[in-house]
Amino acid sequence: MEKVIVSKRPGDGVARFFELGLRLVAALPLLPIVFVVAVAMWVLVPGFATLINLENMARVLAPLLVAAIGATFVMLTGGIDLSVGATFGLASVVGATVMRDSGSVGLGLVAGIAVGAVVGAANGFAVARLRLSPFVYTLAILLTVRATAFLLSRGYSVGRLPSEATAFGRYQIFGVPSLLWIALVILAIGLVALHKTPFGRSVYLVGSNERAATFNAINVNLTKWLVYFIGGTLAGVASMLAVLRLGSGAPVLGDTILLQIIAAVVVGGTSVFGGEGGLWRTFTGVVLVVMLEKGLDLMGLAFYDQAIVIGAVILFGSAFGVYLRRRRNFGLR
Amino acid sequence: MKMKSGICAVSALAMAIFAGAYQAAAQEPVVIGVSFDKMESFREGEFNAIKAAAAAKGAKIIFQNAQEDAQRQASQIESMIAQGAKAIIAIPWDIEAAVNDANNARSAGVAYVTLDQAPADLKAVDFHVGGDPCADGTAAGEFFAKAAGDKPYKLLELQGGLSNDNGIRRSKCLDEVLAKHSNIVIVAQVPTDWKPEKALVGTENALQAHPDLNAIYSPWNIGLQGVFSVLEKAGKLKKVGERGHIDIVSIDGAPTGCQAVRDGLIDMDLATPVGDMAAAAVDAALAVATGGKPAAPTAFLPGTPYTPADVATQAPKVWGCAAG
Amino acid sequence: MIAAARRMLGTVEPRGAALLGVLVVLVVAFGILSDRFLDYDNMANLLLQSSITGIAAIGLSFVIMTAGIDLSAGSSMNLALVLAISIAGTAGTMEYTTQTNWLVYPVALVAGTALGCLNALAIIFLRLSPLIVTLATLSLYRGIALHLTGGREMLVFGSIREFGRGLIGIGIGYPVVAMFALAALATALLRHVSIGRFVLAVGGSERSARENGIPTGRVLLFAYGFAGITAAVAGLVLVGRVGAVNPDLGWQFEFTVITAVVLGGTSLLGGKGSIRGAIVAAVVLSTISNGLNLIGADPYIYDVIRGCVLLFAVVLDAAAQLHTPATRTV
């Protein structure tokens, strides 16, 4: 994310306010669209701006946000992880099975997250050390991991978990669903890691210019390994949030989430070529995806019409972001 | 006399309350949220039946299709409750997650009824009505056993989606019957996830490995298209009774299944009683939503068998034949 | 000595040789394990089963050679077929059925071309990466197709069934002939026609291609349009064979096709690739399913093995790149 710096230049309040707005939009190119969609939904869709709908949106948002945070780290280095959805599915199967068979929710959570961490660590090793193409390698891992989930579960979903599992999924702290709290804590940690640590700086450097990063004595391999490790682990965490919400794990659970994750990260304004973007941008992307899904549901739009709207939003949202970035480069700098 | 007038007064009062309640109901129809797992012609038949049943009872419907995503289904059901639905009729995509959806709805005071796909725990829902996958699988198995007699008999078993009850038990109960007949060999079990392409390739390969195949089990009507395509290419698509005919049994009673029976291409189809199922689901949903109880906690309605020989007389009982 | 060996490896295309080796091992292994695998009929079936992936892989190879990607292949296939059937079909006597005439073929091809070209236009004019554009159209095209059909499956009769089911004299399906013809056409385009040669140049470096006066926009239109055509042809084969258009026609088909292209040795970085390799890879993928099916293996193991084969290829590729200079082969 670009730093938002308020101009010290003397000027009247309106101009400064205007410039602040411009800089905010430059930092979060999707923000105007999120704002317009939110207002439109508020006005047009009965039941959208209600407390209960906000709570429902929070529960949908939590797993997607957590997985998208991991994917953002990967994309910032110029990589991609196509296996997140499959990892999400496998982790849900393993986590739910352990929960059911051991009767311990905690043990299940650990197992599910560990699955994500192991897949992530292996991905990191392959991309960083073996220098395999991330797109092809994670495509192969997608197939293998998804098939493993099917093999383990024989295609069945795994449920009838201990009652504490779903009780936690419903639990609220200060009126906010527990799942959202977890997602927000992870967002906060991610922001600190990305903007306040040498690791975060090296993520951006590796993404914008790997060669320069090497010359700057940055451990490129370690950075790459870490982002895939984080991506896999957070896919595991996200999967556990979904299991706590649904009370079930299934090999097909992650089938649709890969596209949602990539859409949220990319529409938010993180470049697929690396080096540009950030977690706040991803946050705006996730919010847009979830608002559209819930808003269009409430409007009673059929699933396939929603797919049309979401496709158009990905296309024109990204194009708008690209346009803004071009304008900013000529105007503000 | 006094007592009698008392009874009269009470009954008059009761009638007045009842009439008032009925009027209120007429003014503000009960909203039923209908949540489907996917869309296809079979589901459309079910949806039309629900619409008709709800219209007959003056209830209003909100419909959403989760398109094979458990998270989306949970979210859509939450939205329906937020929109004021007093009852949910769901065809669950994930039968385990359905238990949790049911708990959430019922703890919010909303009736939760499942249709067609049974949830993993039937006690979690107010009412379930569906076909009887086990009765249908058993009926198919018994048909094959009779056709085989005591001759050696090779059967290809296509399987539906194994993440749901219909997929699992239509196969399991068939297997149980066939296991009792040592002359019947199941040469392959092909999970298709209800996709006709997979039925096509599975049949093609099984026929290659076993050119002397005697029978094919297609536990849903759409799978038949892939089966016919392969048999036609191999010159084995013969009508029932013709030399070299391969015995085929299917389940659903959809328009395409009815057509296949009318064309004499399959030996038997088991028609799921879609209209009765939908009516039972709507009745139960309205009963629970207005503080009552369904007559029974579950209803499993076995399919109506019909064959090329009796399709003319059975057609009125088969929803897909009426649509054609 | 080592240098000589390296030179030799460089000329025989290490990926192609390895892939053929994998195919031979698979064929021998399944031939031993199943007495029906090597039958002429099964070989013909196997080629027919691989033709759907193979045909689509030819077009997608062009896209990937320009350093692009097409995630919308499965959705384009679905929408092109739905459009063709709704434009060139008449409602059948029974509900959910459509009778088609020969017009479905030209309409499907035109629709496929248009959908592919739309991808290219969005990439050019909205200045977006192919990944984003085709991710968007993956959702968009599928949504439109489902909207048109209302999410129902549709049984199709008439002309549309003839291509997918037709056989030439020696028992080989029309789609197999089409696959080889398209592969020959694609190879000729890449070698002898300027727009085809430009495909590799754009993938090598778009900037230097543009500086050398290559019309990069037109090249992209050509590559994505061609991918749209092959997706439509693959759809005609699939629908013709099954006899039905079901709503999830082509769902995740793009992954299978990308797997075949990459397994065949086309680099995702663009600039080099092999049509022949993509076809062999499609055959390898079908051999795995067909063979495992014949020997009665656990169906859930198929994808594990397919994933492992792709993994093996990726590792091999990385190893080869360490030892041989980058080669450009067609």
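Predicted model: local features only at pLDDT ≥ 70, side-chain atom pairs only at ≥ 80, totals over all residues.
User: In which sense do strands S1 and S2 of chain B pair, and over how many bridges?
Analyst: Strand S1 covers residues 31–36 of chain B and strand S2 covers residues 60–65. Their pairing is in the parallel sense, over 6 bridges.

User: What is the handedness of the β-α-β unit made by S1(B), H2(B) and S2(B)?
Analyst: The helix of this unit, H2, spans residues 41–57 of chain B. With S1(B) and S2(B), helix H2(B) makes a β-α-β unit that is right-handed.

User: Which element gives the largest share of the side of domain 1 of chain B that touches domain 2 of chain B?
Analyst: The domain assignment of chain B gives domain 1 as 26–130 + 274–301 and domain 2 as 133–271 + 307–323. Between them, 9 residues of domain 1 are in contact with 8 residues of domain 2. On the domain 1 side, helix H2 (41–57) and helix H10 (274–289) of chain B each give two or more residues. The largest share, 3 residues, comes from H2(B).

User: How far apart do the C-alpha centres of the two domains of chain B lie?
Analyst: The C-alpha atoms of chain B fill a box of roughly 85 × 45 × 35 Å along the principal axes. The C-alpha centres of domain 1 and domain 2 of chain B lie apart by 30 Å.

User: Which residue of S4(C) is the bridge partner of Leu155(C)?
Analyst: Strand S3 (residues 154–158) of chain C runs antiparallel to S4(C), and 2 bridges join them. In S4(C), the bridge partner of Leu155(C) is Ala244(C).

User: Which helix supplies the largest share of the side of chain C that touches chain B?
Analyst: This contact takes 27 residues from chain C and 28 residues from chain B. Helix H3 (40–65), helix H11 (216–242) and helix H13 (275–294) of chain C each supply at least two residues of the chain C side. The largest share, 4 residues, comes from H3(C).

User: How many nonpolar residues does the side of chain A that touches chain C have?
Analyst: The contact takes 33 residues from chain A and 37 residues from chain C. On the chain A side, helices H6 (134–153), H12 (257–268) and H14 (303–331) each supply at least two residues. By class, that side has 5 polar, 3 charged and, as nonpolar residues, 25.

User: Is H11(A) largely enclosed or open, and which residue follows this helix?
Analyst: The 27 residues of helix H11 (residues 220–246) of chain A should span 39 Å at 1.5 Å a residue, and the end C-alpha atoms are 39 Å apart, which agrees. Of these residues, 24 are buried, so H11(A) is largely enclosed by the rest of the structure. The residue that follows H11(A) has a positive phi near 70 degrees and is Gly247(A).

Note on methods. Residues numbered from 1 in each chain as written. Chains lettered and ligands numbered in written order. Pairing = 2+ DSSP bridges. Contact = placed C-beta atoms within 7 Å. Nonpolar A, V, L, I, M, F, W, Y, C, P; charged D, E, K, R; others polar. Expected span 1.5 Å × (residues − 1). Buried ≥ 20, exposed ≤ 12 C-beta atoms within 10 Å, placed from the backbone. Domains from an automatic or database assignment. Right-handed = clockwise from strand over helix to strand, strands pointing away.
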